[in-house]
Amino acid sequence: MNTGKPYYYPYPSPIRNNVLIVIDENVYDWKNPKIILLLFGSVRCRGYLLESRNPLLLGTYEFTLKVENILCTVGNFQNASQKNYTSNHKFSATCWNTSRTFSNQTYAFYDACPEAGHCFSQYRIDDKHTDCTYGQDEKRMLPQEEELCAPLRKHRFRCLAQHLTCMSIRDISLEQASCLNKCDTIMDERTLDIFKLDRRKNELDHRVKSTAYDATEYALMWTCRLNFNHYCDSFWDLKMGLDEQENVCQAWSCLPKQYRCKTGQCIDLSWVCDSEWDCSDASDEEGLLLNDNWSNHNSQLVGLEERKLLCMSLYSEKPSFTGICDTKKEYPCYRASVSDPLDIATNRPCINLTQIGDGIIDCYGALDEKNTIRGCNDDMLGFSFKVEETSCFEYVQVCDSKYQLNQIHPDPVMCLNIHNQSRCSENNDVVCRNGTCVKSGRCDNKKDCYPHGEDEYWCYRRFQISTGSYYRDLKRANRKNNMDPFNILSYPFASMKTRKTNHSLARKWNVTEQVSVLYAYTCNRGMSVITSLRNESSTILSCLCPPAYYGNRCQYFSDRITVVVHLESITLPPVYANDTILVLVTFRFLDVQNTVLDHQIFYVNPVLEQMYYIKHRFYLLYSRSTKYLDHKRQRYWNRTNIIEQHPYSVHFVLYSLVTGNESVPVELGLFHYPIYFDFLPAFRLTAILKFPFWYGNSSLDPCANAFCPLNSICKPIMNHDSPSFYCSCESGFTGKNCTQFKDECISYCAMGSICKSGHRGLTQLVDHPLCICSYGRFGPRCNLRNSACHSNPCGFNGTCHLTHDRTGKTPFKCSCTKAFFGEYCEHEKIAVRIEIRGQEIAQVQASIIQFYDFIFPRMDLSIQHQKVARGLPSIVRYDHDRTVVPEMGILKIYDKTWNVQYFVLYVQTNASTINLVTTPKHCPFTAISIPPMGKPFTR
């Protein structure tokens with residue numbers, strides 16, 4: 001009902017009960033909600049509890065995500081709060097830095113921002129996400145004597161040996177660079193693809209790991225593997241512009257529609273004669289006038305002659321220093337390395353156009369080298385001004401009084417004509433050399449100062465202070481949109497047949513019945529379900545909650561353990577190598593009954609584990625009964641009890657199921673993991689289960705001399721420091737000494753199963769026993785048979801393996817013989833056969849044959865397979881399980897001095913087979929252009 005008054009939802013907030021969500025029904029719009037957020041209560045800070053006297057207006061939702069940290073930093077927010085240093089709810093002032101873990105290890109903590117209100121791990125320092133209020137953890141201000149991220153190094157991305165970042169794999173794809181060498185943003189075009197294609201994810205994961213072991217700046221620079229299209233494109237993407245060096249770009253090939261600079265760089269034709277240098281030698285602007293004959297590439301461009309006429313019009317009579325410089329051959333500028341650059345009578349303000357971009361500073365302020373030397377932000381200089389190597393100022397700062405940071409500013413040459421008289425005080429006013437004031441005459445593309453036109457000197461007309469755009473920023477931002485697709489030419493030039501893949505059409509469902517949009521907002525999590533009552537017109541709305549939530553609207557978090565586990569199948573004893581391993585996971589509370597709170601079951605097939613690395617993920621829930629909630633509350637205030645007592649634990653009990661046999665499962669042993677932080681609402685347990693070296697050795701078997709009571713059998717505990725054992729009750733028996741028998745087990749579980757009373761757990765709300773099924777059976781009582789493999793779906797070319805997928809989406813997987821592949825082993829592997837004729841290639845010590853795929857639009861080369869051979873092989877064969885062959889074959893040979901040469905064997909896209917005789921085509925520039933990671937510069 002609309003009352004016209006604000007109301008609170010939920011009240012109190014179940015997740016953050018110190019934040020109130022206020023909604024006004026009169027103005028509330030479900031599509032554009034207007035929500036007021038108030039803080040009313042307290043905030044835990046380091047060393048004290050911050051208590052609010054009155055409700056504090058927080059503002060937007062985004063602000064509340066960091067409100068606790070901000071409030072603790074500010075201390076007394078809006079003069080409406082006070083600090084309570086005696087409260088037991090405060091965080092530790094030292095973030096428990098003096099404590100140790102249960103394994104006697106120090107916590108991974110570094111106090112990056114002592115003023116912050118919360119504690120966070122040292123692995124979150126320099127991880128591209130700000131945790132400190134003022135961002136100190138991400139400003140590279142922390143000491144680097146020891147690498148804080150070292151324990152996680154193989155899982156975190158490091159930019160440089162001097163820049164020890166701790167970024168996760170997901171953060172590499174963000175647009176804003178955090179690395180000094182921009183390694184984390186070089187892969188920006190792959191943002192949408194990294195986690196869709198396993199091949200690219202594995203490749204990216206390899207790059208992350210490679211930064212952990214080779215910390216040299218050179219190696220990490222190549223590990224980044226710059227976008228193929230960004231080499232020689234006139235923009236600096238690598239440090240010091242290494243991707244734009246002339247000795248590399250001279251071997252580069254431009255696209256048909258691009259203009260090729262004399263330096264070899266490739267730019268858009270529309271950038272030629274647009275009053276902005278894009279070629280580092282200005283061969284697209286003033287330098288274009290020196291061209292009498294076009295290069296073979298540029299002669300094919302349509303419209304280039306018109307661009308040259310435009311250049312002649314722009315530069316035939318340049319406003320600055322008219323009458324002094326010959327603009328057809330010279331570039332006007334104050335001279336560098338002279339005693340008085342302003343004495344233009346002695347120091348003629350002209351240089352030859354061929355001196356532009358030659359690496360030697362001839363113009364004052366390095367105007368002639370603005371595209372070749374480093375500027376303020378490790379990018380090209382542009383119109384920035386370097387006073388000395390350590391002092392650099394952006395274009396807008398040089399002559400602005402606000403930025404006169406030292407005695408050199410304003411610069412006596414660059415700022416001679418700007419704002420040096422009170423009568424010429426506006427931004428665009430200028431005082432000429434003869435003392436004349438020209439109002440609004442600065443950089444207006446008109447010569448107002450006679451005779452030399454100094455009012456038009458050192459003008460960057462593309463700079464816009466309102467938008468903050470700087471040197472060539474707009475072109476850099478648009479280069480991705482202007483990227484043309486590559487046309488890959490085949491080699492050898494014989495046509496080849498391609499295989500077409502048929503794609504099944506997805507069935508489309510149309511929802512005709514309209515449901516109120518309000519239902520989508522009713523459940524905090526989970527799914528809304530509408531139930532119509534029989535013989536009544538009314539309906540009931542319910543919420544189906546995921547395991548992590550509960551409540552009538554799924555508004556409460558469940559206290560839970562998140563488990564991520566992998567069984568290392570290679571450690572299995574040989575006798576069980578072909579068996580399916582059933583793992584019963586029980587979450588237990590240590591009391592008289594050793595109560596099971598929750599359970600999960602998963603299966604491990606050693607054959608499938610060799611094909612896929614499988615991690616099993618699931619929740620185990622705490623009981624929310626009064627007994628267990630009271631116990632957790634009591635433990636929360638008893639630190640000694642938390643350190644010394646660990647009543648919760650997770651057990652992994654392993655059973656062997658003989659493949660193809662419905663015999664009774666054989667219990668192998670268990671792994672025991674105590675839960676040290678059971679007072680937390682959520683905890684993550686990760687484990688790799690490995691059989692110990694002594695398993696199966698009778699002389700080391702802990703059960704050899706052990707005694708277990710009647711109705712039980714001794715089994716080993718496999719992850720204790722020393723061999724130990726437990727007594728496992730036989731099927732149907734339960735209790736501390738296995739003395740109680742559950743009568744229901746006589747008939748409840750199917751024949752060949754194991755009946756475990758009390759193993760379902762309190763959270764399951766089911767009192768029936770748990771049945772451990774034999775191979776091929778499933779269901780709560782093991783009465784159902786898994787017939788997924790009975791029809792022999794893998795045929796004669798593979799073996800069918802049950803996956804025990806609960807969703808039923810993938811009930812089985814096929815392990816194929818070497819000659820076949822596919823979901824059902826229905827495809828025969830296609831061979832790549834290449835006969836090499838290379839008699840003229842002499843003195844070959846060793847050869848590497850590599851097969852690559854192209855990754856568009858970046859034109860990366862992704863290696864798919866490689867072989868190493870002594871000498872030069874005459875025939876190369878590669879049997880693969882793809883529908884098309886790798887798109888490029890490369891031959892890399894080493895001579896007696898171990899110099900390397902590269903040859904192209906073939907280039908074929910969408911080819912189903914390769915069977916050819918070829919003479920390898922030598923790549924003369926690739927030997928110096930391919931870096932260690934195999935990324936070529938040439939096209």
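Me: A nonpolar core is a set of buried Ala, Val, Leu, Ile, Met, Phe, Trp, Tyr and Cys residues joined through side-chain atoms within 4.5 Å. Which residues have the most contacts inside the largest nonpolar core?

Reply: This is a predicted model, in which local features need pLDDT of at least 70, side-chain atom pairs count only at pLDDT 80 or more, and totals for chains, interfaces and linings use all residues. Residues are numbered from 1 along each chain as its sequence is written, and side-chain values use heavy atoms, with hydrogens and water left out. Phe587, Phe652, Leu654 and Leu689 have the most contacts inside the largest core, which has 32 residues. Strands S20 (560-567), S21 (580-589), S22 (595-604), S23 (616-621), S24 (648-657), S25 (666-674) and S26 (682-689) each give two or more residues to this core; strands are DSSP runs (E, at least two residues), numbered from the N terminus. S21 supplies the largest share, five residues. A further core, apart from this one, has 28 residues, including Tyr334 and Met414.

Me: What is Phe652 in contact with, leaving aside its neighbours within four places in sequence?

Reply: With contact taken as heavy atoms within 4.5 Å, the partners of Phe652 include Val563, Val585, Phe671, Leu685 and Leu689.

Me: How many bridges join S20 to S26?

Reply: Eight bridges join these parallel strands; two strands pair if DSSP finds at least two bridges between them, so S20 and S26 count as paired. Thr562 stands opposite Arg684 in S26. The open sheet has the order S23-S20-S26, with mixed pairing, and S23 and S26 are its edge strands, each pairing on one side only.

Me: Why is Asn371 called buried?

Reply: Buried means under 20% relative accessible area, exposed over 50%, partly exposed in between (1.4 Å probe, protein chains only). Asn371 has 4%, so Asn371 is buried. Asn371 is in the loop between strand S11 (350-352) and strand S12 (385-388), and its contacts include Trp236, Trp277 and Tyr471.

Me: What makes Tyr48 and Tyr85 a tilted aromatic pair?

Reply: Rings of Phe, Tyr and Trp (its six-membered ring) pair if their centres lie within 6.5 Å; planes under 30 degrees apart count as stacked, over 60 as edge-to-face and the rest as tilted. The centres of Tyr48 and Tyr85 are 5.5 Å apart and the planes make 55°, so the pair is tilted. Tyr48 lies in strand S5 and Tyr85 in the loop between strand S7 and helix H3, so the pair ties together parts 37 residues apart in sequence.

Me: Why do Phe691 and Tyr695 count as edge-to-face?

Reply: Their planes are 80° apart at 5.1 Å centre to centre, so the pair is edge-to-face. At 7% relative accessible area, Phe691 is buried.

Technical notes. Helix = DSSP H or I, 4+ residues; strand = E, 2+ residues; numbered from the N terminus.
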